[in-house]
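Q: Could you walk me through reading charged pairs and burial in a model like this one?

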Amino acid sequence: MTQVMNFDEMQAFLAEQFPQGDQYGVLENLGDGWAEMRLPIDEQHLRPGGTVSGPAMMALADVAMYAALLSRIGPVALAVTINLNINFLRRPKADMDIIARAETLKVGKRLGVGEVYITSRGENDPVAHVTLTYSIPEQ
């Protein structure tokens, strides 16, 4: 497979089909089967003790994987997450944006599988590792 949606097409698609997705992250880069998204951290994303919440990281990973998958299959609005597994590896920095790098591992006719690494902006060590499976509707 090859890339079928570019950055500008993905931006337009997400704005039209998933406008609420902006609260989960901002698309920064897109390529053939991969996407990078950034979540600007503010008070709504923090848990007691000053760490980024798990739900915020899961949402960022999910939207990043959605973009990575759509870069391969095109504008399929009804591709949906059917499994998400996250491993929290270390505490993210509460005063830094978090970055998700999503990559498809396998894209078939009915399922897409991928993984996401989340880091604090400017850091190399991941704070979370996520695997996801998406259901792709018949087209």
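Q: Is Glu 123 buried, partly exposed or exposed?
A: Burial is read from relative accessible area: buried is under 20%, exposed is over 50%, and partly exposed is in between (1.4 Å probe, protein chains only). Glu 123 has a value of 33%, so this residue is partly exposed. A word on the source: this is a predicted model, where local features need pLDDT of at least 70, side-chain atom pairs count only at pLDDT 80 or more, and totals for chains, interfaces and linings use all residues. Residues are numbered from 1 along each chain as its sequence is written, and side-chain values use heavy atoms, with hydrogens and water left out.

Q: Which residue meets Glu 123 in a salt bridge?
A: A salt bridge needs a side-chain nitrogen of Lys or Arg within 4 Å of a carboxyl oxygen of Asp or Glu. Here the partner is Lys 93, at 3.5 Å from N to O. Lys 93 sits in the loop between β5 and β6, and Glu 123 in the loop between β7 and β8, 30 residues apart. Strands are DSSP runs of E (at least two residues), helices of H or I (at least four), numbered from the N terminus.

Q: How many salt bridges are there by this rule?
A: There are six. One of them joins Asp 32 and Arg 72, with the closest N and O atoms 2.6 Å apart. Asp 32 lies in the loop between β1 and β2 and Arg 72 in helix α2, so the pair ties together parts 40 residues apart in sequence. Asp 32 is partly exposed at 32%, while Arg 72 is buried at 19%.
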